[in-house]
Structures are given as C-alpha cells and as structure tokens.
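Hi everyone, and thanks for making time for this. I'd like to walk you through a structure that may be new to you, so please have it open in your viewer as we go.

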Amino acid sequence: MTLFLLLIAVVVIVCILATRLSSKFGVPTLLIFILLGMVFGSDGLFKISFDDFIISEQICTFALIYIMFYGGFCLNFNSAKPVLIRATIMSTLGVILTCGFVGLFCYWVLHTSLIEGMLIGAVMASTDAASVFSILRMKRLNLKAGIAPLLEMESGSNDPTAYMLTIIILTLLSSGKTNIYTLIFSQIIFGIISGVVIGLLAKNYLDKIQLNEVGLKSIFVAALALLAYALPVALNGNGFLSVYLFGIILGNSRLKKKVSLVHFFDSISHMMQILLFFLLGLLSFPSQIPDIIGPAILITLFLTFVARPLTVFICLTPFRVPFKQQLFISWCGLRGAASIVFAIMTVVSPAYTNNDIFHIVFFVALLSITFQGSLLPLVAKWLKVEDDQNDTMKTFNDYSDDSSFELIRVYLSDDHPWINQTLIDIVMPTNMLVATIIRDNQMILPKGTTRVLKGDLLIMCAPGYEGNDIYLDEEYIEEHHHWIDCTLAMINPRNKFLVVLIKRDNKMIIPDGKTRIKRDDMLVICKKEYLGFVDE
C-alpha cells in the first residue's frame with residue numbers, strides 16, 4: 001500500500017511539473033501525460049504491468065464524467081447562443097458524417113467489414129474538448145467571433161453522440177435482439193430528461209439547502225454529477241449527454257459562492273485529465289504499435305485532411321461561415337480521451353472485433369494531439385483567424401462570471417491630498433470611479449458634488465488586470481530581518497524584482513531606490529521571474 005501511494009504521489013508530481021515543459025516548448029499538456037504513462041507502462045522504463053481493460057473502462061468513465069460535467073459547467077451559454085444551431089449540427093450530424101466517412105474508408109481501403117469499419121468511425125467521430133481548449137488557454141489564442149464558442153460547444157457535446165453510435169454498432173455486432181430504434185429513443189430521451197431535471201432542481205434548490213460549509217456544497221454538486229450520469233444509464237439512457245446538460249444548466253445559473261465551485265471542479269477536472277491520459281498511456285503497449293502503424297497513419301491522414309474538412313464544409317457552408325474559418329475549425333478536430341475510452345469499451349464488449357481497435361485509436365489520438373495540437377497556433381496565424389478584440393477566455397464561465405472591475409479601498413488619513421475636495425474636482429485615473437463612501441459606519445452614495453472628509457473610506461472601482469503573467473508577493477520585515485535599514489537599491493542590485501509599494505504605519509509609500517526599509521514594513525513585491533523588467 002505504501003509503495004502504491006508513493007507511486008501515485010510521484011506520478012502526479014511529475015505530471016504537474018511536466019506542464020512547465022508544455023508552456024515552454026508548446027507541446028500539448030495532455031500528450032505529456034500520455035507519454036509519461038507509456039514510460040511507466042509494461043514496455044516502458046519502469047515496467048509496470050497493467051492490461052486490465054475492465055478496470056480501465058470503469059476508471060476512465062469515472063474521470064470522463066467530471067471532465068464532461070466541467071466542460072458543460074464552463075460553457076458560457078450567452079456567448080454560445082449565436083452559434084447554437086451550427087454547433088448542434090456539428091455535434092450530431094457532423095459526428096454521424098465523420099463516422100460514415102471513416103467507416104467507408106476502412107471498408108474500401110483497409111478491407112475491414114463494413115460494420116467493423118463503422119465501429120472504428122464511431123469511436124473516433126468525436127473531437128476532444130480538453131485537448132483543444134488546453135491549447136487555446138495556454139497560448140491565449142484570441143479567435144474571431146463565433147469560432148471559440150462553436151469549438152467549445154461542438155467538442156463538449158459531440159461525445160454523447162459518438163458514445164451512442166458506438167453502443168448502437170456494438171449492439172448490431174452482438175447476437176442480441178435489442179431493438180435499435182428503442183435503444184436510440186431511450187439513449188436520447190432519458191439522457192436529456194435526466195440532465196435537464198437534475199440541473200433545474202439543483203439550480204432552484206441548491207442555495208436553499210443552505211450548506212454552511214463551502215466544501216460540502218462542492219461535494220454535494222460532485223455527487224449530483226454522478227447521479228446525472230448513473231440515473232439515465234440505469235434506464236438505458238445516455239449518461240454523458242445527461243451530465244453535460246446538467247453542467248450547462250448549473251454553470252449558467254446564478255449561485256451563491258459559485259467561484260468556489262469553479263475552483264473545486266477546475267482542480268477535479270485537471271486531476272481527472274492526469275488520471276485519464278496517464279492511465280491510457282499506461283494501458284498501451286508500444287511494442288504492439290508497429291503492427292497497426294500503417295492503418296493508423298492512413299486513418300489519421302484521411303480523418304484530418306478528408307473526413308473532418310468534408311464534414312465541416314457540409315455542416316457550416318449553409319451558414320456562410322468564411323472558408324478560412326472552416327479550415328481552422330477542421331484543423332481543430334483533435335481526437336483524444338473520449339475516443340480512446342470508447343475504444344476500451346469495444347475491447348470489453350462481448351462483440352469485440354478481431355482488429356486491435358484500442359491501439360489503432362490510441363495511435364491516431366497520439367498523432368492528432370502531437371501534430372494538430374502543436375501546429376494549432378501556427379494554423380490560426382496562417383489562416384488569419386486571430387482577433388485580439390475577442391478574448392477567447394470569455395467563452396468560459398470561469399472567466400466571464402468574474403467582474404472585469406476590481407474594488408479598491410482608499411482611506412483618507414490626516415495628510416491625504418483629497419480631503420475637503422469634491423469628487424468632481426479630484427483628478428483620478430481614467431476609468432476609475434468612487435462607488436461608495438463609508439463615513440461613521442454609514443454608506444453614502446456619492447455624487448460629483450459630494451465632498452470627502454478626513455477619516456472617510458472610499459470604495460473605488462477600477463478595471464482589473466486580465467493577464468496571468470504578473471504576480472505580487474508580500475514580504476513582512478520582522479525584527480532581525482536582514483533588510484532592515486537597507487535602501488531598495490542595496491537589496492536589489494541586479495534589478496531582479498520591483499518593490500511597488502511599502503505599507504508603513506497605516507500609510508502607503510511609493511518607494512524609489514533611496515527608500516530605506518524599516519522594521520514592521522510590509523513590502524509589496526513584483527518579481528522579475530514573473531514580469532520581464534527592462535534594465536535602464
């Protein structure tokens with residue numbers, strides 16, 4: 001048990017540290033997780049023997065539940081409304097067309113049976129939201145209006161369709177007497193009803209339960225996500241469709257302390273991605289890949305340059321989407337976790353075919369993430385679909401629910417220059433305004449003619465900084481601190497950081513190089529490792 005826990009700790013730490021390589025060299029993070037799994041696997045350096053597809057299917061399904069829930073939870077429905085119809089067509093008709101094109105290719109070129117070719121097509125018909133948007137977030141690719149929400153909604157909602165096609169084809173391959181039309185009906189109807197009903201109940205009653213602990217609320221929602229999947233599955237419905245709809249409804253609801261839910265499920269989603277992709281890498285046998293490398297490369301080329309573009313053109317041309325945007329959307333058809341998980345389902349199914357479908361799909365996903373994912377920023381630049389006026393991050397609820405303004409507190413001490421001035425006479429930075437004044441424990445709604453007095457506490461609004469490349473640290477100067485009585489120039493001779501503010505005796509001091517540090521000072525520091533200062 002101890003060795004098992006030690007292994008888990010090492011794997012998680014290595015995976016997280018490896019994300020630094022991803023941001024530095026532009027390699028998709030999820031590819032690193034897969035490669036690490038292969039290194040630890042049976043044919044890798046650590047020779048961990050693991051080939052239990054049944055346990056893998058259960059673990060991967062569990063992980064996929066929370067990845068899909070969080071995908072729906074983060075979807076900003078307001079930004080997705082303009083592309084709702086075309087995204088729905090892409091995630092339904094588009095998946096069916098992709099399945100058909102790949103199935104026919106496997107039948108005519110690779111000489112599989114038609115039904116087995118369609119099974120390969122169904123498994124690989126959906127695109128991977130985690131792969132696409134981890135790259136868009138990491139590279140801060142701001143795309144022209146409509147592209148980001150279309151990609152997010154399509155890649156987040158096409159997994160249920162691919163799952164349903166996989167189940168239908170596996171049913172046809174088996175000798176059972178299941179009615180296909182009944183199966184389709186139950187998959188769609190029970191999936192939709194379960195997700196919508198559980199979502200609406202959570203939306204209307206979650207805050208009324210009044211869970212005092214924020215952590216309990218997050219755990220409660222996590223349990224509801226499991227319910228949203230398990231209930232329709234028990235009724236022969238589509239659990240992935242249900243949990244995705246549940247995520248959309250809850251994510252676009254106004255809930256108290258919603259930010260805590262975002263932080264909780266963001267961590268859970270990242271953990272599930274590490275688990276899922278590492279396990280898929282661990283489950284693979286690189287020694288078996290040479291046997292399927294030919295068919296896998298042919299399928300990858302056909303899928304990337306024929307099936308996906310043809311599907312996109314058929315679905316989006318009626319909406320007069322510009323040709324270059326269609327090309328970029330075609331390139332964003334990365335295959336990833338869902339396809340490999342569906343391939344595992346075919347392996348454990350009684351109707352399992354003679355083809356090594358797991359390693360075929362695994363290798364196709366590996367190629368897709370590696371080449372399409374790595375080249376995504378270059379393709380966006382080449383096709384000129386970037387637009388800095390549209391922030392891709394606003395496509396996500398975890399971004400848009402946060403106000404773009406920050407509240408600032410300004411206390412008018414004895415020598416403050418604003419004392420006895422009216423607000424209209426005070427020269428303030430552009431876009432900054434006084435939201436309210438707190439005076440003698442009372443809140444005053446300010447006007448331009450309002451005069452501020454000594455002891456007032458001004459609550460001001462200012463635009464917040466939206467980047468993630470600047471971080472502030474605080475350094476408290478305790479007794480015997482080695483910086484006491486030193487000037488800022490003395491403690492920072494190589495300009496490795498910037499002291500932007502000193503808090504001293506309830507006053508704020510804007511320092512320069514000659515400012516001397518005293519005991520009990522609080523230094524607000526912006527470090528050079530986060531922000532590249534220019535040495536003048």
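Let's begin with the second largest pocket, which is lined by 23 residues; R409, V410, Y411, K507 and M508 are the ones that lie nearest its centre. Before I go on, please keep in mind that this is a predicted model. The volume of this second largest pocket is about 760 Å³. Where does its lining come from? Four strands each supply at least two residues: β1 (405-411), β4 (457-463), β6 (497-504) and β7 (507-509). And which of them gives the most? That is β1, with 6 residues.

How many cavities of 30 Å³ or more does a search of the whole structure find? There are 2.

The largest cavity holds about 50 Å³ of space. Around it you can pick out T300, L303, T304, R308, G333, R335, V364, S368 and Q372. Two elements give two or more residues to this lining, namely α13 (289-316) and α16. Of these, α13 has the largest share, with 4 residues. The classes here are 5 polar, 2 nonpolar and 2 charged residues.

The second largest cavity has about 30 Å³ of space. Its lining is made up of M90, G94, V95, T98, A125, E154, N158, R308 and T311. The elements with two or more residues in that lining are α5 (84-108), α8 and α13. This time the largest share, 4 residues, belongs to α5. By class, the second largest cavity is lined by 4 polar, 3 nonpolar and 2 charged residues.

As a quick reminder, two packed helices are described by the angle between their axes and the distance between the axes.

First, please find helix α8, residues 147-173, and helix α9, residues 180-205; their axes come within 11 Å and cross at roughly 155°. The two helices are therefore roughly antiparallel to each other, since angles over 145 degrees count that way. The crossing of α8 past α9 is right-handed. On the α8 side, the residues that meet α9 are Y163, M164, I167, I168, T171 and L172, and on the α9 side they find I180, L183, I184, Q187 and I188. That contact of α8 with α9 has 9 nonpolar residues, 2 polar ones and no charged ones.

The other pair is helix α12, residues 258-283, with helix α16, residues 357-382: here the axes come within 11 Å and cross at roughly 130°. That angle makes α12 oblique to α16. What is the handedness of the crossing of α12 and α16, left-handed or right-handed? It is left-handed. In the contact itself, F277, L280, G281 and L283 from α12 meet F358, F362 and I369 from α16. These contact residues divide into 6 nonpolar and 1 polar, with no charged ones.

Key:
Residues numbered from 1 in each chain as written. Predicted model: local features only at pLDDT ≥ 70, side-chain atom pairs only at ≥ 80, totals over all residues. Heavy atoms only, no water. Axes fitted to C-alpha atoms, helices over the stretch in contact; angles between N-to-C directions. Parallel < 35°, antiparallel > 145°, perpendicular 65-115°, else oblique. Left-handed = near helix turned anticlockwise from the far one by under 90°. Contact = heavy atoms within 4.5 Å. Nonpolar A, V, L, I, M, F, W, Y, C, P; charged D, E, K, R; others polar. 1 Å grid on protein atoms, 1.4 Å probe; cavity = no way out; pocket = protein on both sides within 12 Å on 5 of 7 lines; lining within 4 Å. Points joined across faces, edges and corners; volume = space filled by probe spheres on them.
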